[in-house]
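Please look over the model shown here.

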Amino acid sequence: MTTPRNHSPRVLILGGGFAGITAMQNLKSALGDKINVIICDNRQTSLNKPRLPEVAMDGEPVKHVRFSLQAAADSLGYTFMRAKVEKIDPTGKQIYFDNGKLLSYDYLLIAVGVNKNYSAIPGFEEYGYSVCDDVHAPRLWERLKNFEGGPVVTGAMPYRSGTRIKAPKLMTPCEGPIGEIIFMLDYYLKNKGLRQKSPITVFTPADIFFEDVGANVHKDAEALMKQHDIHVMTNKIISRIEKDHVVFKDGATMESALTIIIPEYKAHSFIQDAGLGDEEGFIPTDKQMRHLDYPEIFAAGDATALSVPKLGHLAVMQAEIAACMIAGELGGDVEIPKYKPAILCIMNRGPLEATMIYSTYLFGGKIDKTLDGPIPFLMKWSFDFYYNYTLGHMPPKMGEKLLEKHFEKQAEDSI
Ligand SMILES: Cc1cc2nc3c(=O)[nH]c(=O)nc-3n(C[C@H](O)[C@H](O)[C@H](O)COP(=O)(O)OP(=O)(O)OC[C@H]3O[C@@H](n4cnc5c(N)ncnc54)[C@H](O)[C@@H]3O)c2cc1C
């Protein structure tokens, strides 16, 4: 299938996660049916990953964290094609898919996220667990149901970033999910009467756990970890998982009856093969999400070099910018949003209890706050419900904007 050249411009979106879905909606708002949009994904469903800890540690049905990509595209009058990208030809402006199809484009948005490289950890297949997708999260829930207690070890694998653009350098892709794991597990094990015989230890390859936030959040997080009796080991990289222990790169070992890992985040090889990645395969863009070498290629989300740490919050922001840029170039009357990165993560800690982290510290900003209690819990719950129910729309931004203003004012007042 190639593009008939006399037709309306074709925008191809690769990937139907947070970034791809958001871009599709923004293109619709800006240009409606004046363009031809095709969204391609090798999955049938879009996955709301921040809800996966609830699947893994609270038995939430998997169907609550995903929705049909066909339905999402249909609701906007655009096309969904279920197929896996095999090759990108940026010079010929064509994409090759595993179903034998070949699509050309006028504009391309790459939003394919990252590969979670579980097999990089020997022993993971047999003894390791994770929460990062809709295969591993239910598998962990099955394991937990039969867990009789014992030491729990959890942490993230290291992250390697390229050097083509200026972005924060971090040792891990994102430790927010580890925060969710430890607090939810603490609650689950207490409820089962297993917590006494199940010490929880977090390891991090960095000098400090949650390396992407500032002193205020660290102070609050440390108090929470103390309150929940969670131990932290810094500068540790896991090298092997065994049945009853883990081995670290420095040779140290630690007893573990349950090992839960955030695996290595690896760029998709077809990006590197097409010459579109930096040294590590992440896509170098400017802050308007345009590829540094190909003006008609944009990228958003985890696949980009700019997304550090790898957060849905950043993926959505970048996708809005990329879609507005494309729409503007195709004649739409749009205002291009500014890239204002922030860490925003909500960690549930049991029924009606959650901790929200909101920090711009990593990006040179002044906000570095936690908010604790039922409000963040309700924010997360309502976001997840709204997002799935509306097939991937973001809730109205008023609440987030008010929160940002409130935190900004508090930061100003404290100077
Ligand atoms: C457990 C967990 C908790 C998290 N919690 C938070 C949180 O609280 N706050 C936050 O901001 N972020 C959070 N995140 C991070 C967030 O989920 C990601 O940053 C976000 O999903 C990235 O969006 P994306 O669209 O770039 O990529 P993805 O959501 O990964 O979507 C990429 C899409 O591309 C498709 N794709 C991949 N390869 C191909 C191919 N070859 N051909 C076709 N399609 C392909 C995939 O099937 C997928 O649908 C969490 C992540 C995890 C794992």
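## Sheets, packing and ligand shell

In β16, the bridge partner of R240 is V247. This is a predicted model: local features need pLDDT of at least 70, side-chain atom pairs count only at pLDDT 80 or more, and totals for chains, interfaces and linings use all residues. Residues are numbered from 1 along each chain as its sequence is written. Helices (H or I, at least four residues) and strands (E, at least two) are DSSP runs, numbered from the N terminus.

β15 and strand β16 (residues 245–248) pair in the antiparallel sense over three bridges. Two strands pair if DSSP finds at least two bridges between them. The order β15-β16-β17 makes an open sheet of three strands with antiparallel pairing. β15 (238–241) and β17 (253–255) each have a single partner strand, so one side of each is left without a neighbour in the sheet. From one strand to the next, the twist averages 25°. Axes are lines fitted to C-alpha atoms, for helices over the stretch in contact, and angles run from 0 to 180 degrees between N-to-C directions.

A second open sheet has five strands in the order β5-β2-β1-β9-β20, with parallel pairing. Its edges are β5 (79–82) and β20 (297–299), each with a single partner strand, so one side of each lacks a neighbour in the sheet. The twist here averages 20° from one strand to the next. Strand β1 (residues 10–14) is joined to β2 by five bridges, and the two run parallel. L12 stands opposite I38 in β2. Helix α9 packs on this sheet and touches β1, β9 (107–110) and β20. The direction of α9 makes about 160° with that of β20. Contact between residues means C-beta atoms, placed from the backbone, within 7 Å.

How is a helix pair described? Two packed helices are described by the angle between their axes and the distance between the axes. The axes of α1 and α9 come within 8 Å and cross at roughly 35°. Residues of α1 in the contact include F18, A19 and T22, and those of α9 include G312, A315 and V316. The contact divides into 14 nonpolar, four polar and one charged residues. Ala, Val, Leu, Ile, Met, Phe, Trp, Tyr, Cys and Pro count as nonpolar, Asp, Glu, Lys and Arg as charged, and the others, Gly among them, as polar.

The ligand is surrounded by 37 residues (C-beta atom, placed from the backbone, within 6 Å). The closest are G15, G17, K49, G113 and G301. The shell divides into 19 nonpolar, twelve polar and six charged residues. Among the elements that supply at least two shell residues each are α1 (18–31), β2 (36–41) and α9 (312–329).

Two residues differ in setting. A303 lies in the loop between β20 and α9. E400 is found in helix α11 (residues 398–413). A residue is buried if 20 or more other C-beta atoms lie within 10 Å of its own, exposed if 12 or fewer, and partly exposed in between, with C-beta atoms placed from the backbone.

| Residue | C-beta atoms within 10 Å | Class |
|---|---|---|
| A303 | 30 | buried |
| E400 | 17 | partly exposed |

Leaving aside neighbours within four places in sequence, A303 is in contact with residues including I110, A111, V112 and G113. A303 and L224 are 79 residues apart in sequence and 32 Å apart in space, C-alpha to C-alpha. The C-alpha atoms of E400 and I208 are separated by 28 Å, at 192 residues apart along the chain.

Technical notes: Contact = placed C-beta atoms within 7 Å.
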